[in-house]
Amino acid sequence: GEQLAVFRTQDGQAYVVDAYCPHLGANLAAGGRVVGNCIECPFHGWQFCGEDGKCTRIPYAEKGDHPPKSRESIRRTGSALCILITSYFIKEKRSFSGQRQIVPQRQEIPENGADVAHLSFLHEPAILGGSDLRYTRAKLWGFMKHIWKAEWRPEPEPNEHCSRLLVQHTATVFGKRVSWMDLTVSARQVGPGLVFLIFEHAFLGHGIILQTVTPLEPLLQNVVHKIYYQKNIPAIIPKFILRAECIQFERDITIWNNKQYLPKPLLVREDAGIQKHRRWFSQFYSEKSRRLPAQKEGLDW
């Protein structure tokens, strides 16, 4: 019943660790990669030493911050003779409107807005690299990077059920800024399941992507993206924007579909927005809200 990550470091040693990152519960075995003698989380880039399981690097933490210690790894006993790797393929419905069925906890999707640190890691690689996390950071596409600056905040009364994420996007090619890819996005979250992504571009005009999240059953939600654009702009422009949005969103889906929700995550100072968002989102739960049984530690059932 336990999820494990098995990997071989660059010095040839094989290690087995708990698959779930203690930060926000991402699965290290689903898109993680080996960096030196560590395994790197695909969600935020935290790195964990294979020998003792301790966190050795947090890419967005301030210089001088000592990374918090993770839970120790499952210690290696004897030699690793064979490593079995299982891949899970999730069939998705595809349409121009960007419909996706995903299985995160109900608040995972909106919480992404307050988790501004993941933008600089998960969404930094070029969209040309696609959405398969095993290849997004391939050297082939390393010449291009997306740079995000974001700020999330709840709205005051009488709109306390709303929040807003302000995003400034730029892109670099071979380290040089490409000004025509500058984009300003204002994402307004209305309640737990409706988002208006309003974006403006210097000469490509403005438009709105409407995102709806509809629960179908426990741990299954249907997400639909629809784009509305000013009609004097050729249709290829909004189609490209929606496709780019879908590629980035599918990277999140890979994380959500494999992660574990941690009610008490291991956070650093730069993650303050996550706790603030969780307090804001708690208004959408009632005392009778259905909750899943708490996961027990160990192999007893």
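## Basis of the Description

Strands are DSSP runs of E covering at least two residues, and they are numbered from the N terminus. The structure described here is a predicted model.

The loop between strand S8 (144-154) and S9 contains Pro158. The peptide bond that joins Glu157 to Pro158 is cis, with omega at about 5°. For context, most peptide bonds are trans.

Strand S9 (residues 162-173) runs antiparallel to strand S11 (residues 183-190), and eight bridges join the two. Within this pairing, His169 has Leu183 of S11 as its bridge partner.

S11 also pairs with strand S12 (residues 194-201), again in the antiparallel sense, through seven bridges. Here Ser186 is placed opposite Ile198 of S12. Three residues separate the strands in the hairpin of S11 and S12, where Gly191 adopts a positive phi near 70°.

Most residues other than glycine have a negative phi. Phe174 is located in the loop between S9 and strand S10 (176-177). With a relative accessible area of 67%, Phe174 is exposed, the cut-off for that class being over 50%.

Leu219 is another residue other than glycine with a positive phi, in this case near 65°. Leu219 belongs to the loop that lies between strand S13 (205-217) and strand S14 (220-229). The relative accessible area of Leu219 is 38%, so this residue is classed as partly exposed.

How many disulfides does a search of the whole structure find? The search returns zero. A disulfide requires a pair of cysteine sulfur atoms within 2.5 Å. For Cys41, the closest cysteine sulfur is that of Cys21, at 4.0 Å, which is too far for a bond. For Cys49, the closest cysteine sulfur belongs to Cys38, and the distance of 5.1 Å is likewise too far for a bond.

Are Cys41 and Cys49 buried or exposed? Cys41 has a relative accessibility of 1% and therefore counts as buried. Cys49 is buried as well, with a relative accessible area of 17%; the limit for this class is under 20%.

Methods
Residues are numbered from 1 along each chain as its sequence is written. This is a predicted model: local features need pLDDT of at least 70, side-chain atom pairs count only at pLDDT 80 or more; totals for chains, interfaces and linings use all residues. Side-chain values use heavy atoms; hydrogens and water are left out. Buried means under 20% relative accessible area, exposed over 50%, partly exposed in between (1.4 Å probe, protein chains only). Two strands pair if DSSP finds at least two bridges between them. Helices (H or I, at least four residues) and strands (E, at least two) are DSSP runs, numbered from the N terminus.
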